[in-house]
Amino acid sequence: MTPPPSHRPVEGHPADGPVAAAIGLLAKQGFDATSVEELAEASGMSRSTFFRRFGSKEDVVFADHEQILHQVNERLAGSRLGPLAAVADAALLVFDHHLRNPQTSRARYGLLQAVPALRDRELVTSHRYERAFLHYLNDKLPRNGPREYKAVAFAAAVVAVHNAFLREWLRAAPAAGDTAAGDRERATALAAELQALAETFRPALLGSPADAAAPAQPAPTVVVTVFPGTADKDAIAQAVRDALP
């Protein structure tokens, strides 16, 4: 059995300060009620700089995901885990980012519930993680048609399980006391679920260990002989024995 994915924190820093400030202001004032000028001021930059860096109000809501996707691709490229465990490990990296930035993540979640257009954008963002996982799997797994479709299913399932855990955490009120301990428990539970998911898909994507250990069966031997119609069964049996290698 493959070891569980490592639960390592995200490298680098918490959510970008300007992004966190902008999302916080949008959550406080409302998406439509907040102007780009106000967002630029809250982010500590000019209006033109804000547009150059983020493009729009919608873009700033998801700006930190660009950094996370970059880290996901780097983690996958440098991973020494098996392909299924590496994808699960990369999903944990994304979850860790949210745990390390609870205020920004919860503020964004509130915006997504209030603004339908942002929910549509979230679906696109989730699909980008699926594509990153699938690209990695297609590069690492043996190539054949049916297996490629199962890789699509595994990448989508990893994102779905991650998102289910994330939504549960976002909806829960922050617990009093040791929130770090509670977050570690959630991350550990997610790691266990992702490992179980990988084991479910392992036979279809990599084959089972029993299959790999099974001895190869010899190819059958075909013998062709020609007899006169008057040949008896003993003569036929002897001719077949003589023809065998």
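Colleague: What volume does the second largest pocket have?

Modeller: This is a predicted model, in which local features need pLDDT of at least 70 and side-chain atom pairs count only at pLDDT 80 or more, while totals for chains, interfaces and linings use all residues. Residues are numbered from 1 along each chain as its sequence is written, and side-chain values use heavy atoms, with hydrogens and water left out. On a 1 Å grid over the protein atoms alone, a pocket is an open set of points where a 1.4 Å probe fits, with protein on both sides within 12 Å along at least five of seven lines, whereas a cavity is a set from which the probe cannot get out; lining residues have an atom within 4 Å of a point. With volume taken as the space filled by probe spheres set on the points, which are joined across faces, edges and corners, the second largest pocket comes to about 160 Å³.

Colleague: Which helix gives the most to the lining of the second largest pocket?

Modeller: Helices here are DSSP runs (H or I, at least four residues), numbered from the N terminus. The lining includes Tyr109, Arg119, Glu122 and Arg171, and α7 (102–114), α8 (116–140) and α9 (145–171) each supply at least two of its residues. With 4 residues, the most comes from α8.

Colleague: How many residues of the lining of the largest cavity come from α9?

Modeller: The largest cavity holds about 290 Å³ of space. It is lined by 21 residues, of which His65, His98, Glu122, Asn163 and Leu166 are the closest to its centre. Two or more lining residues come from each of α6 (83–100), α7, α8 and α9, and the largest share, from α9, is 7 residues.

Colleague: Over which ring does the charged end of Lys57 sit?

Modeller: A charge counts as sitting over a ring if NZ of Lys or CZ of Arg is within 6 Å of the ring centre and within 35 degrees of the ring normal. Arg106 lies over the face of Trp169, at 4.3 Å from the ring centre. For Lys57, the distance to the ring centre is 4.6 Å, and the ring is that of Phe31.

Colleague: Which helix has the lowest mean pLDDT?

Modeller: pLDDT, the predictor's confidence in each residue from 0 to 100, averages 82 over the protein, and 76% of the residues score at least 70. Where pLDDT is low, the predicted coordinates should not be read in detail. Residues 210–217 stay under 50, and among the elements the highest mean, 95, belongs to α6, and the lowest, 44, to α11 (residues 209–213).

Note on methods: Contact = heavy atoms within 4.5 Å.
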